[in-house]
Amino acid sequence: MAIETLQKTEGLSSQRSSLLNSHLQWLLDNYETAEGVSLPRSTLYNHYLRHCQEQKLDPVNAASFGKLIRSIFMGLRTRRLGTRGNSKYHYYGIRLKPDSPLNRLQEDMQYMALRQQPVQQKQRFKPVQKVDGVSGENFSGGGQHTPSAAEQTVIAQSQHHQQYLDASRALPDFVELDLGETNVENIGPDDIKALQSLYREHCEAILDVVVNLQFSLIEKLWQTFWRYSPSDLVEGTTITENSEIEIEGRLPCSRLVVLCRNEAVLKWMSSCDHLMYQALVEILIPDVLRPIPSALTQAIRNFAKSLEGWLNNAMNVIPQRMIQTKVAAVSAFSQTMRRYTSLNHLAQAARAVLQNTSQINQMLSDLNRVDFANVQEQASWVCQCEEGVVQRLEQDFKATLQQQSSLEQWAAWLDNVVTQVLQPFEDRPSFPRAARQFLLKWSFYSSMVIRDLTLRSAASFGSFHLIRLLYDEYMFYLVEHRVAQATGETPIGVMGEVRPR
């Protein structure tokens, strides 16, 4: 249909139509429709030109290529995205397929570009709060700066990585701040209202820069909101001074400090942070099993590692109790990002094992030699699990392995195991404790099986060790989400509760 459409509009010859068939197949092999993501038109056309060069094909011009794309991916929209003076047209609703070789070809260049990002972008962006519906154009330098070649590379690679994010994720509504009967000195209803609106705008600004992978700007946003006061003041204008003046006019620092000592404000701020950080997790890693470019993974891990230091530094004029509350939330977020990126890395390593027929056959052969009766005898003394449940899981595991199931099928099996085991505790106060006990028992049993395989010098020990690591991590992921659902918390909030205050 796409070729026929172009034949009518462009008057293409049959030879040219045959050539376009190969272009069409290349598009279908490498791209797919996807809601909430975008891809620069220039990036897509450059991919196409590279393909033509490699295959020694004559490329069509950009206009004809655009018509071909729209004929294949029906309903595709065009948007102009980017900072003022540096915006580009994007196709909205299309992305590279996760298994496309185009992803792997660019990873080395992406990694180098992202390593340069914090240094380059400090010169380009002026972080201010998002006020009165003003969008991300606030983060430009007024259109006066012409990006260097290195900066343009950073921008292009960041835009490429955005297709792996869930940019459609919005910030949930925050609960109302209620001080109750507390009479806080020099604090009126307008100050409470100002804190609520300012903090909402502040969190939305954080969401904006994360969606655009401008991680280094988070520190400046925090410094602006928390009225960072450097110990060695230098004359002249700082890059956050204008926005600080605006915020100071809406909520003076002296009143912010007073509010930060109030227990209701501390509790409210913690609740808001858990919602915001959960949204950031779901933006950056919308699917823990889906392949993510190694450069993006490394950028996320570096970002998570920097957060606690940035926050402590930015809050140097704020009372210690508020700092502890804020740090507890950001630490839970950082820990979650480190765990999820590690889980994602394990998942991609395990795919290779699960797709290898000879390795699966060897694993099944070795597993059938394991003395499960002895494992159950020793483990039951510690775990007190029902023998029937353990035997059923053993049989299901072997059957799923024998079927050479995909990673996604294994994930569904693990999810079903969690559902079955925790079903008796649904809607009961003991659910979180039962979930934690299940994790301990699962880990103990898997350790016993691995020990048996080790003592037998099983040929597939390495494969089992990798699979065991992945399944333990994924079980942890599933259980924390079930506990969050049962308690009405966010997974970030669940993890934050177990951190020492």
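About 860 Å³ of space lies in the second largest pocket of this predicted model. Let's start with that pocket, then visit a helix and a strand.

**The second largest pocket**
- Its lining is made of 32 residues, and Val 390, Leu 393, Phe 438, Trp 442 and Tyr 445 lie nearest the centre.
- Helices H15 (372-383), H16 (387-402), H17 (407-422), H18 (431-455) and H19 (461-487) are the elements that each give two or more residues to this lining.
- The biggest share comes from H18, with nine residues.
- Sorted by class, the lining has 22 nonpolar, four polar and six charged residues.

**Helix H11**
- Helix H11 covers residues 263-284, and its 22 residues should span 32 Å at 1.5 Å a residue; the end C-alpha atoms are 32 Å apart, which agrees.
- Because 16 of its 22 residues are buried, H11 is largely enclosed by the rest of the structure.
- At the start of H11, a side-chain oxygen of Asn 262 comes to within 2.9 Å of the backbone nitrogen of Ala 264.

**Strand E3**
- Arg 95 sits in strand E3, which runs over residues 88-96.
- The side chains of Arg 95 and Glu 32 make a polar contact at 2.9 Å.
- Beyond its neighbours within four places in sequence, Arg 95 is in contact with residues including Tyr 31, Val 37, Gln 163 and Arg 290.
- Tyr 89 also lies in E3, and its relative accessibility of 40% means that Tyr 89 counts as partly exposed.
- Tyr 89 and Ser 38 are 51 residues apart in sequence, with their C-alpha atoms 9.7 Å apart in space.

Conventions
Residues are numbered from 1 along each chain as its sequence is written. This is a predicted model: local features need pLDDT of at least 70, side-chain atom pairs count only at pLDDT 80 or more; totals for chains, interfaces and linings use all residues. Side-chain values use heavy atoms; hydrogens and water are left out. Helices (H or I, at least four residues) and strands (E, at least two) are DSSP runs, numbered from the N terminus. The expected span of a helix is 1.5 Å times one less than its number of residues. Buried means under 20% relative accessible area, exposed over 50%, partly exposed in between (1.4 Å probe, protein chains only). A polar contact is a pair of N or O atoms within 3.5 Å; within protein, one must be able to donate a hydrogen and the other to accept it, and residues adjacent in sequence count only if both atoms are side-chain atoms. Contact means heavy atoms within 4.5 Å. On a 1 Å grid over the protein atoms alone, a cavity is a set of points where a 1.4 Å probe fits but cannot get out, and a pocket is an open set with protein on both sides within 12 Å along at least five of seven lines; lining residues have an atom within 4 Å of a point. Grid points are joined across faces, edges and corners, and a volume is the space filled by probe spheres set on the points. Ala, Val, Leu, Ile, Met, Phe, Trp, Tyr, Cys and Pro count as nonpolar, Asp, Glu, Lys and Arg as charged, and the others, Gly among them, as polar.
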